[in-house]
Amino acid sequence: MPGICEAGHRSTTDDYCDVCGLPVRPAAAGAPAPAPAAPTPTSQACPNCSAANPGDALFCEACGYDYTTGTLPRTDLAGMLGLRRGDPQPAQEEPVTQPPSPLDIDTPAPDAAEPAAQPGEAAEVPAEPTPLAAPAAEAAPPADVPAAEPEPVAAAEPVATEASTPATPPADAAAAPAAPPPAPAVDDDTPTRGRPAPRREVWVAEIWIDPDWYDVQSSPDPMPSVGLPETVRLKDTNLVGRESKSRGIAPEVDCGLDTGCSRRQAQLTTDGSRWYVEDLGSANGTFVGSATGPLPTDPITTRTELGPDDRVYVGAWTRIVVRKASREEAETL
């Protein structure tokens with residue numbers, strides 16, 4: 001049953017006020033219903049700092065004033081000390097300097113007061129400290145032993161410097177023949193420490209479409225249009241053939257759409273200066289011919305060295321030319 005708390009708030013609970021938290025007094029049986037509470041203002045000013053707050057606020061958002069109990073939160077130093085605003089602050093006491101204690105290690109103990117001399121007693125004279133015995137090395141020699149005479153000290157020789165060094169060489173140095181200049185290094189191809197290795201030449205392969213080779217092959221496939229060759233940079237070992245992703249074949253010299261060329265047609269290798277071609281058991285064979293002579297008719301059967309003007313013929317229309325790369329090709333390919 002709803003009731004009214006000790007602060008007069010109308011609460012919807014019957015144990016503690018849901019507004020301020022104070023105990024709720026249950027309404028007496030048959031008592032008239034309490035008058036409806038006045039409407040809550042939309043805003044209210046804080047009595048402490050005059051800051052505007054919502055009408056249903058329980059605490060001031062600026063200073064923390066409690067609207068229910070009418071007290072300030074004692075979070076400041078003045079509230080903790082029980083002081084009010086405007087009260088004089090207590091003066092801070094100056095720190096009292098303690099006299100040094102004789103028990104401190106770094107503090108010298110004060111001299112004890114000497115007792116006054118009694119009448120008739122002579123004042124005690126402090127004894128002088130006994131001088132330390134001289135070291136044995138500094139003991140005076142006996143009277144009958146003559147003192148050793150000090151040895152004469154040789155004069156230090158002057159240190160030669162750049163300013164004191166004579167500009168003219170000695171006579172024997174001038175008479176000595178000059179050392180011969182070092183022999184020039186021999187320029188050879190052997191790499192030495194500090195000298196870069198000679199630059200290796202770059203070789204390329206030109207892949208052409210040859211109409212003459214297509215005419216003698218009688219291939220059922222149509223020949224592509226003739227254009228500029230495709231140029232690829234060669235390695236020491238290069239596979240000639242056609243790409244097959246399913247079999248993992250990616251030749252360095254790809255013959256493209258020429259179905260007369262096998263997947264693994266031939267192999268181009270070099271020893272650094274000469275090039276060789278070897279057939280890898282292809283279906284239509286690998287041919288080598290000169291650029292000025294007729295087309296070859298017999299396929300190669302062994303590893304064959306390529307001459308400067310030799311051409312390699314494979315498939316239905318592919319002609320391969322191996323040559324040195326130009327400066328532009330060596331930098332771009």
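Visitor: What is the strand order in the open sheet of five strands?
Guide: The order is 9-8-10-11-13, and the pairing is mixed. Keep in mind that this is a predicted model.

Visitor: Which strands stand at the edges?
Guide: Strand 9 (253–254) and strand 13 (304–305). Each has a single partner strand, so one side of each is left without a neighbour in the sheet.

Visitor: In which sense do strand 8 and strand 9 pair?
Guide: Parallel, over two bridges. Strand 8 covers residues 237–241. Gly241 stands opposite Asp254 in strand 9.

Visitor: Let's zoom out. How many helices and strands does the protein chain have?
Guide: Four helices and 15 strands. The chain has 333 residues, and 21% of them are buried.

Visitor: New topic: rings. How many aromatic pairs are there?
Guide: Four aromatic pairs. In one of them, the ring centres of Trp213 and Tyr313 are 5.0 Å apart. Their planes are at 35 degrees, so that pair is tilted.

Visitor: Where in the chain do those two sit?
Guide: Trp213 is in helix 3 (residues 211–215) and Tyr313 is in strand 14 (residues 310–314).

Visitor: Are Trp213 and Tyr313 buried or exposed?
Guide: Both Trp213 and Tyr313 are buried. Ring pairs also link them with Phe287 into a cluster.

Visitor: What sits over the ring of Tyr276?
Guide: The charged end of Arg303, 3.9 Å from the ring centre.

Visitor: On to charges. How many salt bridges does the structure hold?
Guide: Five. In one, the side chains of Glu201 and Lys324 meet at 3.1 Å, N to O. Glu201 is in the loop between helix 2 (171–175) and strand 6 (203–209), while Lys324 is in strand 15 (residues 318–324). They are 123 residues apart.

Visitor: How accessible is Glu201, and why does Lys324 count as partly exposed?
Guide: Glu201 has a relative accessible area of 46%, so it is partly exposed.

Visitor: Which side chain does Asp210 meet in a salt bridge?
Guide: Arg319, at 3.5 Å, N to O. Asp210 is in the loop between strand 6 and helix 3, and Arg319 is in strand 15. At 6% relative accessibility, Asp210 counts as buried.

Visitor: Which residues are linked in a network of salt bridges?
Guide: Glu206, Arg323 and Glu329.

Technical notes
Residues are numbered from 1 along each chain as its sequence is written. This is a predicted model: local features need pLDDT of at least 70, side-chain atom pairs count only at pLDDT 80 or more; totals for chains, interfaces and linings use all residues. Side-chain values use heavy atoms; hydrogens and water are left out. Buried means under 20% relative accessible area, exposed over 50%, partly exposed in between (1.4 Å probe, protein chains only). Two strands pair if DSSP finds at least two bridges between them. Rings of Phe, Tyr and Trp (its six-membered ring) pair if their centres lie within 6.5 Å; planes under 30 degrees apart count as stacked, over 60 as edge-to-face and the rest as tilted. A charge sits over a ring if NZ of Lys or CZ of Arg is within 6 Å of the ring centre and within 35 degrees of the ring normal. A salt bridge is a side-chain nitrogen of Lys or Arg within 4 Å of a carboxyl oxygen of Asp or Glu.
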